[in-house]
Amino acid sequence: MKADVLLGLQWGDEGKGKVVDVLTPRYDVIARFQGGPNAGHTLEFEGVKHVLHTIPSGIFHAGKVNVIGNGVVIDPVVFKKEVDALLQRGVDVKKNLYISRKAHLIIPTHRLLDAASEAAKGQAKIGSTLKGIGPAYMDKTGRNGLRVGDIEHASFKSMYETLVAKHKELLGHYKYQYNLAELEPAFFEGISLLLELPLIDSEYELNRYIDSGKAILAEGAQGSLLDVDFGSYPFVTSSHTITAGTCIGLGLAPGRIGEVYGIFKAYCTRVGSGPFPTELHDQTGEDLRKKGHEFGATTGRPRRCGWLDLPALKYAIMLNGVTQLIMMKSDVLSGFRTIKVCTQYKYRGQVIDHVPYDVVNENIEPVYEELQGWDEDLMQVRDAEQLPVALLRYIDYIEQATGLPITIVSVGPDRKQTLMRKVPA
Ligand code: GDP
Ligand code: IMO
Ligand code: MG
């Protein structure tokens, strides 16, 4: 057996949570490999909406193992809230959730540092989710971080104090006002909860699962265009959001990766700052936001909206080694007379079809092709064969352009609004 991966090909919020939940019955283990509470993964079924931040989206299926891998950063405060919300809805997380000892902790001063750093940047801010992601990964690579495994040691409190002392110096440098005493009780309550859960050496466990024929699905967070190396730096997150991040974030060798499901919206959205070549500042952008309810699942911020960007999509496909595509939110495009697709960019007086190095300071103008839209409401469609002809043409167009099959088409937020398409032999 190999581990399959499902990850976002755009700027996040593609609908990863929904599809992981739909695919979970095919797998034994669902594992998160990077990111942390900056993620907001929405699942909807039986009329109820659930938003997960740190916990894998397989958690609602009894008998499936869910693993938070070493590449994830965990905020015990957010984590406890998530666990409590699930318990209230009758999901006993303690039965099937395992946490890597090597995952790093987000401590309250990481959140303060995130806020201080963003405030100091002013107009140039990243538009971070303010969850402490950047500072926590900085401490990880700077070799100052605290790991989940540390909480099992008697010296944890003093390790924590040492790191906090470093952070206080930095916060002083930013001249940032804060009240740490207010934040610490919730943090230590979260630590107590973590101690009640099975902490594991997840790299061994996951490789053992594969050896014993168990099927693993790795769930990405954020999106490929937010990857710290390949995204529009510095307007990125601080982790590796691409397939390679799965190997690092779970301890799986590259040869152990199987299918790579690349998930994208039928259009584009981005939340936070940074370049977005196909962004629409007009009524069409407004219509997409309204119809698609494009407001962040973690921060509630309005998402920026625009047309599908093929050069960026192909870039993400290349970086990830995508084997099949999943198209989300097709229903949102119903009612647009025409649909535009960016096929190339105008850049420094030339027409190009790759993503150039400097996307931040240089102007990138999209070159569009226009396709016919459709009027039919898709929310009730349950069979991919029943989709409107113009949408089938749109699907065919993207398949031709990318050379990959679109095997799942999503037509609404609910589990049931997920259409499986036959993979050509
Ligand atoms: P994730 O971060 O990739 O898991 O995605 P989010 O949950 O942040 O954002 C996706 C949003 O779109 C959520 O509100 C979902 O409920 C919703 N959604 C997912 N698929 C569809 C779809 O096919 N159509 C519509 N209209 N909404 C969808
Ligand atoms: P999911 O998993 C969309 C964006 C932030 C900001 C940048 C850096 O739900 O798709 P960070 O807090 O990571 O330092 O912020 O990345 N961002 C996301 N955008 N979906 C996400 O996660 C995101 N996680 C981070 O808005 O622009
Ligand atoms: Mg999200």
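## Basis of the description

In this predicted model, local features need pLDDT of at least 70 and side-chain atom pairs count only at pLDDT 80 or more, while totals for chains, interfaces and linings use all residues. Residues are numbered from 1 along each chain as its sequence is written, chains are lettered from A and ligands numbered from 1 in the order in which they are written, and side-chain values use heavy atoms, with hydrogens and water left out.

## The ten-stranded sheet

Ten strands form an open sheet with mixed pairing, in the order β9-β7-β5-β2-β10-β1-β11-β15-β19-β20. Helices (H or I, at least four residues) and strands (E, at least two) are DSSP runs numbered from the N terminus, and two strands pair if DSSP finds at least two bridges between them. The edge strands, each pairing on one side only, are β9 (199–200) and β20 (418–420).

Several pairings within this order can be located by residue. Strand β2 (residues 29–32) runs parallel to strand β10 (residues 216–219), joined by four bridges; A31 has A218 in β10 as its bridge partner. Strands β5 (residues 65–68) and β7 (residues 97–100) are also parallel, over three bridges, and V67 is partnered by Y98 in β7. Two bridges link β7 and β9 in the parallel sense, with S100 opposite I200 in β9.

## Helix packing

Helix α1 lies across β1 (3–8), β2, β10, β11 (257–265), β15 (324–328), β19 (406–410) and β20, and runs at about 155 degrees to β1. Axes are lines fitted to C-alpha atoms, for helices over the stretch in contact, and angles run from 0 to 180 degrees between N-to-C directions. Contact means heavy atoms within 4.5 Å.

A helix pair is formed by α5 (residues 156–173) and α6 (residues 180–196), whose axes come within 14 Å and cross at roughly 145 degrees. On the α5 side, F156, K157, Y160, V164 and K168 meet L180, E184, F187, F188 and I191 of α6. This contact has seven nonpolar, no polar and three charged residues. In this classification, Ala, Val, Leu, Ile, Met, Phe, Trp, Tyr, Cys and Pro count as nonpolar, Asp, Glu, Lys and Arg as charged, and the others, Gly among them, as polar.

Strands β3 and β4 pair in the antiparallel sense over five bridges, and T42 has V51 in β4 as its bridge partner. The two strands form a hairpin with two residues between them. E46, in the loop between β3 and β4, has a positive phi of about 50 degrees although it is not a glycine.

A further backbone feature is the cis peptide bond from Y233 to P234, with omega near 5 degrees. P234 is placed in the loop between β10 and α8 (243–250).

## The second largest pocket

The second largest pocket holds about 670 Å³ of space. On a 1 Å grid over the protein atoms alone, a pocket is an open set of points where a 1.4 Å probe fits, with protein on both sides within 12 Å along at least five of seven lines; lining residues have an atom within 4 Å of a point. Its volume is the space filled by probe spheres set on the points, which are joined across faces, edges and corners.

Of the 29 lining residues, T42, G292, H293, K329 and P413 are the closest to the pocket centre. The elements giving two or more residues to the lining are α1 (16–23), β3 (41–45) and β4 (48–52), and β3 gives the most, with four residues. By class, the lining has eight nonpolar, ten polar and eleven charged residues.
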